[in-house]
Amino acid sequence: MPAGGIVPNRYANDAGTGAGFFNDVLGLETAMAMDFITTYRSAAQPMAQISIIAGDPSGLRPAYSVGVDDVDAVHARAVAAGHEILYALRDEPWGVRRFFVRDPLGDIANVVQNKD
């Protein structure tokens, strides 16, 4: 059950900050734009992405997001291994199931599965 992609998260007061840079200068396309997050990706390598976040609804600031096929299984492994869960496993209204876990380096990982 490999990770589908790892996306660095950057923070700004406005999720649209940098759109001209990411779209026009770097040539990335806007993959997703919501009030609190904009994700840019490479058309040639769609898993090459970066997200700009104005404020995660959780109130936390995950350093990166990891897309997985079975978030429940990853959550169970993280709990069994004794990792600190900072945001409980849940379904979000924008169509993902996710949880936050502290990684061994002290950063927060957003582990997420898109719901179909």
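Modeller: What follows takes a few labels in turn; the model is a predicted one.

Biologist: Why is the pair of phenylalanine 21 and phenylalanine 22 called edge-to-face?

Modeller: The ring centres are 5.3 Å apart, and pairing requires centres within 6.5 Å. The planes stand at 75°, and planes over 60 degrees apart count as edge-to-face, so the label applies.

Biologist: How do you know whether phenylalanine 22 is buried or exposed?

Modeller: Phenylalanine 22 has a relative accessible area of 12%. Buried means under 20%, so phenylalanine 22 is buried.

Biologist: What makes phenylalanine 21 partly exposed?

Modeller: Its relative accessibility is 41%. Phe21, Phe22 and Tyr40 form one aromatic cluster.

Biologist: Why is the pair of tyrosine 87 and phenylalanine 100 called tilted?

Modeller: The angle between the planes is 35° at 4.8 Å centre to centre. Under 30 degrees would be stacked and over 60 edge-to-face, so this pair is tilted. Tyrosine 87 lies in strand E6 and phenylalanine 100 in strand E7, so the pair ties together parts 13 residues apart in sequence. Both tyrosine 87 and phenylalanine 100 are buried.

Biologist: What sits over the ring of tyrosine 87?

Modeller: The charged end of arginine 90, 3.8 Å from the ring centre. Arginine 61 likewise lies over the face of tyrosine 11, at 4.1 Å from the ring centre.

Biologist: What makes E1 and E5 a strand pair?

Modeller: Four bridges join them, running antiparallel. At least two bridges are needed, so they pair. In E5, serine 65 is the bridge partner of valine 7.

Note on methods:
Residues are numbered from 1 along each chain as its sequence is written. This is a predicted model: local features need pLDDT of at least 70, side-chain atom pairs count only at pLDDT 80 or more; totals for chains, interfaces and linings use all residues. Side-chain values use heavy atoms; hydrogens and water are left out. Helices (H or I, at least four residues) and strands (E, at least two) are DSSP runs, numbered from the N terminus. Rings of Phe, Tyr and Trp (its six-membered ring) pair if their centres lie within 6.5 Å; planes under 30 degrees apart count as stacked, over 60 as edge-to-face and the rest as tilted. Buried means under 20% relative accessible area, exposed over 50%, partly exposed in between (1.4 Å probe, protein chains only). A charge sits over a ring if NZ of Lys or CZ of Arg is within 6 Å of the ring centre and within 35 degrees of the ring normal.
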